[in-house]
Amino acid sequence: YGDQAKYDSDVMDRYNSGELYVEDSIKVVDTTAYFTEKGRKVYGGGGITPDIFIPMDSILLNDDYLLLRQFIPQFVYRYYEKNKSTLPSDAESFAKEFEISDAEYDSFLNYTVEKSKGKRIENPSLVKEPIKLFLKARIARILFKDEGFFKIWNEQDPMVKAALDHMSKNKYEAGIPGF
């Protein structure tokens, strides 16, 4: 239990220093090398440094993205009510076949302008793909609960992809059953 304020500010300090976006920005405080039971080299001090660096997606902190996100639950519920009879009935088919069209994205943007009393985002094409993914994931949540949501959301998550790829390549070394 150390200094709580220092601990709480750590994420913002890492964000501001660029550590969350560029691997070379990560500061190694202590270069004393240690070895794990399997002979892997690790270093002391400064917290945990990832074996595989995946930069944070800056779009998730984009003002336009954050503004639009707040309208997704209401829009998705209305979309579902209008289209439920045409949506795929199983999660696999939904994941493979269902896409948010450009016309549906435009409809969503119009909905947000109406609900925000005329406020428009500056660059709708910048946030288009992440918003379309979030819309699809939220529709999946209505249809297939959290399992549906995370199936859609995680398929595009670079950290999840990298972790699965790494585990698949190292399945025998790690002794993970079922791989």
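Colleague: Against which helices do the buried residues of α5 pack?

Modeller: Keep in mind that this is a predicted model. Burial is judged here by relative accessible area, with under 20% counting as buried. In α5, the residues that are buried are Y105, F108, L109, Y111, T112 and V113, and the buried residues of α5 pack against α2 (63-69), α3 and α6 (128-155).

Colleague: How many residues does α5 have, and what span is expected for it?

Modeller: Helix α5 has 14 residues, and from its first C-alpha to its last it reaches 20 Å, which is close to the 20 Å expected at 1.5 Å a residue. Just after α5, K117 takes a positive phi of about 60°.

Colleague: Then to the pairs: at what angle do the axes of α3 and α5 cross?

Modeller: A crossing angle between 65 and 115 degrees counts as roughly perpendicular, and an angle over 145 as roughly antiparallel, with what falls in between being oblique. The axes of α3 (residues 72-83) and α5 (residues 102-115) cross at roughly 125° and come within 11 Å, and the two helices are therefore oblique to each other. The crossing in which α3 passes α5 is right-handed. On the α3 side the contact is made by I72, Q74, F75, R78 and Y79, and on the α5 side by E104, S107, F108, Y111 and K115; by class, this contact has 5 nonpolar, 2 polar and 3 charged residues.

Colleague: How far apart are the axes of α3 and α6, and at what angle do these helices pack?

Modeller: Here the axes are 10 Å apart and the packing angle is about 60°, so α3 and α6 are likewise described as oblique to each other. Helix α3 passes α6 in a right-handed crossing. The residues I72, P73, F75, V76, Y77, Y79 and Y80 in α3 meet I131, F134, L135, R138, I139, I142 and L143 in α6, and the residues of this contact divide into 13 nonpolar, no polar and 1 charged.

Colleague: That leaves the third pair. Which residues of α5 meet α6?

Modeller: Let me begin with the geometry, where the axes of α5 and α6 come within 11 Å and cross at roughly 90°, which makes α5 roughly perpendicular to α6. The residues of α5 that meet α6 are D102, Y105 and F108, and their partners in α6 are K128, I131, K132 and L135. The residues of this contact divide into 4 nonpolar, no polar and 3 charged.

Colleague: May we finish with a position in a loop? Is I54 exposed or partly exposed?

Modeller: Residue I54 lies in the loop between β2 (41-43) and α2, and its relative accessible area of 21% makes I54 partly exposed. For a relation across the sequence, take I54 and A163, which are 109 residues apart in sequence and 9.9 Å apart in space, C-alpha to C-alpha.

Methods. Residues numbered from 1 in each chain as written. Predicted model: local features only at pLDDT ≥ 70, side-chain atom pairs only at ≥ 80, totals over all residues. Heavy atoms only, no water. Axes fitted to C-alpha atoms, helices over the stretch in contact; angles between N-to-C directions. Helix = DSSP H or I, 4+ residues; strand = E, 2+ residues; numbered from the N terminus. Parallel < 35°, antiparallel > 145°, perpendicular 65-115°, else oblique. Left-handed = near helix turned anticlockwise from the far one by under 90°. Contact = heavy atoms within 4.5 Å. Nonpolar A, V, L, I, M, F, W, Y, C, P; charged D, E, K, R; others polar. Expected span 1.5 Å × (residues − 1). Buried < 20%, exposed > 50% of the residue type's maximum accessible area, 1.4 Å probe, protein only.
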